[in-house]
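Please examine the sequence and the three-dimensional structure shown below before reading on.

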Amino acid sequence: MGERKVTILCSGFGLGFYIPGLLAASDFGKRDIATEVLVFESYLEHDKREHIADSRTAYHNNFALANFSARMPMDIRGSIDYAQVERLLEAWKAEERYEFISLSGHWVYILDWYREKMLPNPIHVDLLYVDSDLAPSWKSLKKFHPLYDEHYYNACLYDTDKMAILCEISVLPGTSLPFESRKRRLVVHGGGWGMGTYQSTIPELAGHNYGLDIVAYDWKEAKPDPDHRYWMNDPEWCSWVKSANGLHEFPPYIEIAGEDTNSYTAEADHHWLFDVASEAMAIVAKPGAGTLIDSLASETPLILLEPFGSHELSNLELWESLGFGIRYEKWREMDFSVDILKEMHQAIQNRPGERTNYVDHYCSRVALTKR
């Protein structure tokens, strides 16, 4: 009988399916529950994995292409490295792994094979939806495998019928910074792949006396300015490559400041962008899954930019409905008002409901004792 462990299955296709998994792992760790985080792209054939970097650059440079690709279903089974997956399943079986959380639809094929391998013993799988509608991996899965969830638990963070938050992924427990104590700063970014219209907002925002914390996609986007700070995930870091300690970790990062440029290692329990967002008046970004989590956990409102795909459109409508965010164009009509940012901060701070922690919710449903 091996040690009981929750296996958290992430994807490196966008940090919104990676960082929430690491945050959940950190939260399990605080409860002395062992976890292992794995990233789907590690189990793709080598040439398919190499192609991801090209897609990332193409989507960064052409947001219309990215949105078009989000509408195209893809059968991921043709890209899986089956020999490597078989070794993984045998290792899981030898360790008697029974609990899994999947943040990407791509993992479900692999979980199906493992479930069959373990019969008659059942496994428990949470399908964790970190967006308010199905992201592309889930939509593709549903097209090619319509009954994909019949053996698993659908764990939703949001209920769009009720326009409500069901569960929250914790980042750093504690009280958020009061709005009055925050600097007149905005965080501007395009998600993990630097996608969307965020760069076009920078001159206008700078012209309205906001200091900006801009997340650059590459070095050439950074233009050192005394009123603004430029940050970047370490470009040498790759989400599906484990660190020297053999673990997947939060991305290391760089503050780009000319001759004073510094590189930093990641914190063990959260991502660096959360610290920056926690001190700002708002986050200006497309409404990706990770951005929603940052907004909620730091009680920082969102200035909503053009979404990537229908799942982010659903996120946008949810945040707008809850009063946690406002479309960029509407905020512009309000002359980039600080007062509306304060109102949205207070709406997040005073949000109704029980603030159910996802990991607590998981632990209340799934017995974490040895069989």
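The structure is a predicted model, and every value given here was computed from it. The peptide bond that runs from L119 to P120 is cis, with an omega angle near 10 degrees. P120 itself belongs to the loop that separates helix α5 (107-118) from strand β4 (124-129).

N209 has a phi near 65 degrees, which is a positive value in a residue other than glycine. This residue is found in the loop between α7 (198-206) and β9 (211-215). E299 also has a positive phi although it is not glycine, with a value near 55 degrees, and it is placed in the loop between α9 (289-298) and β14 (302-304). Are these residues buried or exposed? N209 counts as exposed because its relative accessibility is 60%, where the exposed class begins over 50%. E299 counts as buried because its relative accessibility is 9%, where the buried class lies under 20%.

With a relative accessible area of 38%, R332 is partly exposed. The C-alpha atoms of R332 and L322 are separated by 20 Å, and these residues are ten positions apart along the chain.

The surface comes next. Which residues form a nonpolar patch there? The patch consists of L65, F68 and M72, which together have about 280 Å² of accessible area. M72 lies in the loop between α3 (63-70) and α4 (82-95), and at 46% relative accessibility it counts as partly exposed.

Charged side chains provide another view of the fold. Side chains of opposite charge can pair when their charged atoms come close. The structure holds 21 salt bridges. One of them joins K342 and E180, with 3.0 Å between the closest N and O atoms. Because K342 belongs to helix α12 (residues 338-349) and E180 to the loop between β7 (164-165) and β8 (185-188), this pair ties together parts that are 162 residues apart in sequence. K342 is partly exposed, with a relative accessible area of 29%, whereas E180 is exposed at 57%.

A salt bridge also connects the side chains of R185 and D213, at 2.9 Å from N to O. R185 is in strand β8 and D213 in strand β9, and the pair links distant parts of the chain, 28 residues apart. Both R185 and D213 are buried.

A further salt bridge is formed by E312 and K286, whose closest N and O atoms are 2.9 Å apart. E312 lies in helix α10 (residues 309-322) and K286 in the loop between β13 (282-285) and α9, so the pair ties together parts that are 26 residues apart in sequence. E312 counts as buried at 4% relative accessibility, and K286 counts as buried at 9%. Elsewhere, salt bridges that share partners join E168, E299, R351 and R355 into one network.

The last topic is empty space. Rolling a probe the size of a water molecule over the atoms shows where empty space is left. The second largest pocket contains about 500 Å³ of space. It is lined by 22 residues, of which L22, L247, H248, E249 and F250 are the closest to its centre. The elements that give two or more residues to this lining are α1 (19-29) and β2 (35-39). By class, the lining has eleven nonpolar, six polar and five charged residues.

How many cavities of 30 Å³ or more does a search of the whole structure find? The search finds two. The largest cavity has a volume of about 50 Å³, and its lining includes L157, Y158, C167 and E168. Helix α9 supplies the largest share of this lining, three residues. Seven residues of the lining are nonpolar, none is polar and one is charged.

The second largest cavity has a volume of about 30 Å³. Among the residues that line it are M74, D75, H106 and F144. Helix α6 (residues 136-144) gives the most to this lining, with four residues. The lining divides into five nonpolar, three polar and one charged residue.

Definitions and conventions:
Residues numbered from 1 in each chain as written. Predicted model: local features only at pLDDT ≥ 70, side-chain atom pairs only at ≥ 80, totals over all residues. Heavy atoms only, no water. Buried < 20%, exposed > 50% of the residue type's maximum accessible area, 1.4 Å probe, protein only. Patch = residues over 30% accessible without salt bridge, like charges linked within 9 Å, V, L, I, M, F, W, Y side chains within 5 Å. Areas by Shrake-Rupley, 256 points an atom, 1.4 Å probe, with all protein chains shown as cover. Salt bridge = Lys/Arg side-chain N within 4 Å of Asp/Glu carboxyl O. 1 Å grid on protein atoms, 1.4 Å probe; cavity = no way out; pocket = protein on both sides within 12 Å on 5 of 7 lines; lining within 4 Å. Points joined across faces, edges and corners; volume = space filled by probe spheres on them. Nonpolar A, V, L, I, M, F, W, Y, C, P; charged D, E, K, R; others polar.
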